[in-house]
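Subject: Structure handover and findings

Hello,

Here is the structure I said I would pass on. Please open it next to this email and read the two together.

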Amino acid sequence: MQIHELVGAVHEAAWLPWAVQYFFLIGMSTTALFLTFPAFVFGRGSSLPHARLALITAVTTGISGPVALLADLHQPGRFWEFFVYTHATSWMAWGAWIVSSYVTLLLLYAWAVNRPAFYRWGQDDWRFAWLFRFLAFGSPANGFARLIGIGAGVAALGILTYTGMEVAVVYSRPLWHTPLLPFQFAATGAVGALGVMLILGRLFATGPIVEAKMNRMLALALGVVAIIGTLWFAVAFSGISQSHTEALASVAGFTVWQRIALWAAAAIVIPFVIALTLPARSGWFTGLIAIHAAWMFRWTVFMGGQAVPKVGSGLYDALMPTGIEGLMGVIGTFGLWIFLLILYTTFVPWAEADLPDDTSATTSAQTARTV
Amino acid sequence: MDSSRRQFLGAIGQVSIGAAATVAGANSASAATGSASDGPQPTGPKWGMVVDLRKCIGCQACTVACIMENAVPEDSFRTHVSVYEVVKEGRDPAMVMLPRLCNHCDEPPCVEVCPVEATYKKEGTGEVLVDASRCVGCAYCVQACPYDARFINHETQTADKCTFCIHRTEAGLLPACVETCVGGARIFGDLNDPESTVSKLLKEHEVSVLRPEMHTAPNVYYIGLDEALDGRVAGEAAYRPPLTTNIDHHEEGR
């Protein structure tokens, strides 16, 4: 039987590239947060260099992500309704509470970790000392950072759960309705976070040892992504999970999707090999590919998923919507993120973020600023 | 109120010449609603639609009537008629029409996902509606609907969909698409009333619903629906609006 759709409605993508940006940024933020734990929660000094980079990543993406989410609402001024009319059967409704908790705890955690440095900068004689005295709230003590960090970690787990489930429960879209999707979001989020950390490490010259360690962690994350991806295809081909089989069937026949699959495989294999063979000298390269891989996965899932008609034939052109709702949304969000990166690394003593220490209340100013 | 436009016009002929069509509609709607004296009828009407595909000619009069009645913005549809060319082995090509609209499901996935309860199923009559004054425009319901029956209205920036023309049915009128249907293919009425035309059609004919595998319990039924068209139609789109530049990317392999 041959069918040609002669008259049919084209349905535009209802979740715009802003949504891609949100899932990309918040995925990186939550996974980067966990990468700060070895130093700032468990107190392992050897992990400090990459934990500092992870904290920069977590905070900057953790702020810009929810801004993108707000922009994806067609009625952003009504965001308060999420908290007043919470509908318990909706993952998105829970998400509103989880996101606000996460961002609050994340900022508190970052403040607590940096508090001793804020205190020291406030004791110096320089133009903005008053601001840092205010930020330090009169003491360098930050032993409670561990507790706040664990709280932020719980919220981060909530984010990873709700973002995955919010999409995975949409059974009208087979490509989304797979139990492995939440794990794929988490694993690719870690890839993106490590990619950003590698780039930051290069920018701030943290050295080859830190770079090699982060590259090895990136290889591990890419390995996990590859395993989940292989499992996804194996389950889809085997037929043991109807939702996976439907997901594959909904896109497998299209040339553009076959190319996307090859592209995705290359985006995993190439940085994986390089990160293992040249761990200390490839940060720019592996980092950029890793960021691209994490972003591309979400773009493919969201925009590509919406390009598959639920009832009609063929594909819609949702893979690259244009105009303010398309490219400008992507550029604008990245612009905000880069601005926050500049702001954070300029005004926050990120390189002095140290292990939480209850005894630091008695520590006096250790540096002198005369700006 | 329980009929297609043709049956509706027939009913007008049976009443006095001075009776306005709207009054006739209102009278039959009242009758369908019932009253306390009718006996133990626990509920009022539950609206549903039967689409008789044997009668649809694909004229899109329903599409236009809906747009005019509900001020549907450009490039969006609350209802439309998909038209397919179906070529079965050894047979001549056939044109197949498939009117699509919200199915006003009894298990609507759009209601469950709405984060602020802006979309809801009306108690009794069963229409799935959107409170546009509460909708945040998150479009989660648009994603959840298996029928692509919802969209974001860019004039109101809220979710929009077919309401079974609730403003008309509450006034005793038929939905605009039913009212205007040239071939009498759309039949609207009370599924709770065993004497209604829709109930009789459901009893007398083999009917299908769209995407039965979704278990949404739709209240729009089809007579004469080919199985190949009840889900996602695996075929080629003969035309896509200008954004499509390479038709090769839109062919589905077999």
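This is a predicted model: local features need pLDDT of at least 70, side-chain atom pairs count only at pLDDT 80 or more; totals for chains, interfaces and linings use all residues.

Domains of chain A

Chain A is divided into two parts by an automatic or database assignment: domain 1 (14-169 + 322-347) and domain 2 (174-316). Their centres, taken over C-alpha atoms, are separated by 22 Å. The contact draws 25 residues from domain 1 of chain A and 28 residues from domain 2 of chain A. On the domain 1 side, helix 1 (17-40), helix 2 (48-72) and helix 6 (145-168) of chain A each supply at least two residues. Helix 1 of chain A gives the most to that side, with 11 residues. By class, the domain 1 side has 17 nonpolar, 8 polar and no charged residues.

A helix pair in chain A

Look next at helix 8 (residues 208-238) and helix 10 (residues 255-277) of chain A. Their axes come within 9 Å and cross at roughly 150 degrees. Angles over 145 degrees count as roughly antiparallel, and that makes helix 8 of chain A roughly antiparallel to helix 10 of chain A. The crossing is left-handed. Helix 8 of chain A makes the contact through A:N215, A:L218, A:A219, A:L222, A:G223, A:V225 and A:A226. Helix 10 of chain A answers with A:I268, A:P271, A:F272, A:A275 and A:L276. The residues of this contact divide into 10 nonpolar, 2 polar and no charged.

Chain A against chain B

How many residues of chain A are in contact with chain B? There are 43, and they meet 55 residues of chain B. On the chain A side, the elements that give two or more residues are strand 1, helix 3 (81-84), helix 4 (91-123) and helix 10 of chain A. Strand 1 of chain A gives the most, with 6 residues. The chain A side divides into 22 nonpolar, 15 polar and 6 charged residues.

Strand 1 (residues 2-7) of chain A pairs with strand 2 (residues 80-87) of chain B in the antiparallel sense, over 5 bridges. There, A:I3 stands opposite B:V86. Strand 1 of chain A runs parallel to strand 11 of chain B, joined by 2 bridges. In that pairing, A:E5 stands opposite B:A237.

A sheet within chain B

Chain B has an open sheet of 4 strands in the order 8-1-10-9, again with mixed pairing. Which strands stand at the edges? They are strand 8 (186-190) and strand 9 (207-208) of chain B; each has a single partner strand, so one side of each is left without a neighbour in the sheet. Strand 9 and strand 10 (residues 220-223) of chain B pair in the antiparallel sense over 2 bridges. B:S208 has B:Y222 of strand 10 as its bridge partner. Helix 8 (residues 197-204) of chain B lies across strand 1 (47-52), strand 8, strand 9 and strand 10 of chain B. This helix runs at about 110 degrees to strand 8 of chain B.

Best wishes

Technical notes
Residues are numbered from 1 along each chain as its sequence is written. Chains are lettered from A and ligands numbered from 1 in the order in which they are written. Axes are lines fitted to C-alpha atoms, for helices over the stretch in contact, and angles run from 0 to 180 degrees between N-to-C directions. Angles under 35 degrees count as roughly parallel, over 145 as roughly antiparallel, 65 to 115 as roughly perpendicular and the rest as oblique. A crossing is left-handed if the near helix is turned anticlockwise from the far one by less than a right angle, and right-handed if clockwise. Two residues are in contact if their C-beta atoms, placed from the backbone, lie within 7 Å. Ala, Val, Leu, Ile, Met, Phe, Trp, Tyr, Cys and Pro count as nonpolar, Asp, Glu, Lys and Arg as charged, and the others, Gly among them, as polar. Two strands pair if DSSP finds at least two bridges between them.
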